[in-house]
Amino acid sequence: MSYKNVCLSCRKAFSRGLENHKPRKCPECGNDFIPYNHKFRPPKKEDLKAWQLVSFLYEHGFTYQHVYKDLSLYRLYDMDNLAEYPKTLDEAKEFIVKYKNQARSEVS
Ligand SMILES: [Zn+2]
């Protein structure tokens, strides 16, 4: 699965192919890239609010990976069961509580 390398400090996303699977460092600030789901649509660099939301979700283990409304009904690529990612910080606060058990554990 392809993914995007994202630098939250520079608010930039770099597309990467399958071969570069190791997280690299951002050429601009030297921070480690964060691998994001290829479906992630990076906001515009100037859109601070949108990036604040992205960072907030990241801090709680969400990098736009698939999140299922009901995990007990889990089937691969069941689009009806996919939860929509929040568009505002308020929605995000509910989202991280509701889907806490689906947060990625490698980020804390
Ligand atoms: Zn950077």
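Which residues does Asn 81 touch, not counting residues up to four places away in sequence?

Guide: Two points on conventions come before the contacts. This is a predicted model, in which local features need pLDDT of at least 70 and side-chain atom pairs count only at pLDDT 80 or more, while totals for chains, interfaces and linings use all residues. Residues are numbered from 1 along each chain as its sequence is written.

Leaving out residues up to four places away in sequence, Asn 81 touches Tyr 68, Lys 69, Asp 70 and Leu 73. Two residues are in contact here if their C-beta atoms, placed from the backbone, lie within 7 Å. For the pair Asn 81 and Tyr 68, the C-alpha to C-alpha distance is 5.5 Å, across 13 residues of sequence.

Asn 81 belongs to the loop between helix 1 and helix 2. Asn 81 counts as partly exposed because it has 16 C-beta neighbours inside 10 Å. The cut-offs, with C-beta atoms placed from the backbone, are 20 or more other C-beta atoms within 10 Å for buried, 12 or fewer for exposed, and anything in between for partly exposed.

Tyr 64 also sits in the loop between helix 1 (48–59) and helix 2 (89–98). Its phi is near 65°, a positive value in a residue other than glycine. Most residues other than glycine have a negative phi. Tyr 64 is partly exposed, because 19 C-beta neighbours lie inside 10 Å.

Helix 1 itself has 12 residues and reaches 16 Å from its first C-alpha to its last, close to the 16 Å expected at 1.5 Å a residue. That expected span is 1.5 Å times one less than the number of residues. Glu 59 lies in helix 1 and is partly exposed, because 13 other C-beta atoms are within 10 Å. Between the C-alpha atoms of Glu 59 and Ala 103 there are 9.8 Å, and the two residues are 44 apart along the chain.

Now the wider setting. The protein chain has 2 helices and 3 strands, in the order β-β-β-α-α from the N terminus on. Of its 108 residues, 10% count as buried. Among contacts between residues at least 6 apart in sequence, 54% join residues at least 24 apart.

Strand 1 is mostly covered, with 4 of its 5 residues buried. Lys 4 is found in strand 1 and counts as buried, because it has 21 C-beta neighbours inside 10 Å. Lys 4 and Ile 34 are 30 residues apart in sequence, with 8.0 Å between their C-alpha atoms. Strand 1 runs antiparallel to strand 3 (residues 34–37), and 4 bridges join them; pairing requires at least two DSSP bridges between two strands. Asn 5 stands opposite Pro 35 in strand 3.

Arg 11 is in the loop between strand 1 (3–7) and strand 2 (12–16). Arg 11 has a positive phi, near 55°, and is not a glycine. With 19 other C-beta atoms within 10 Å, Arg 11 is partly exposed.
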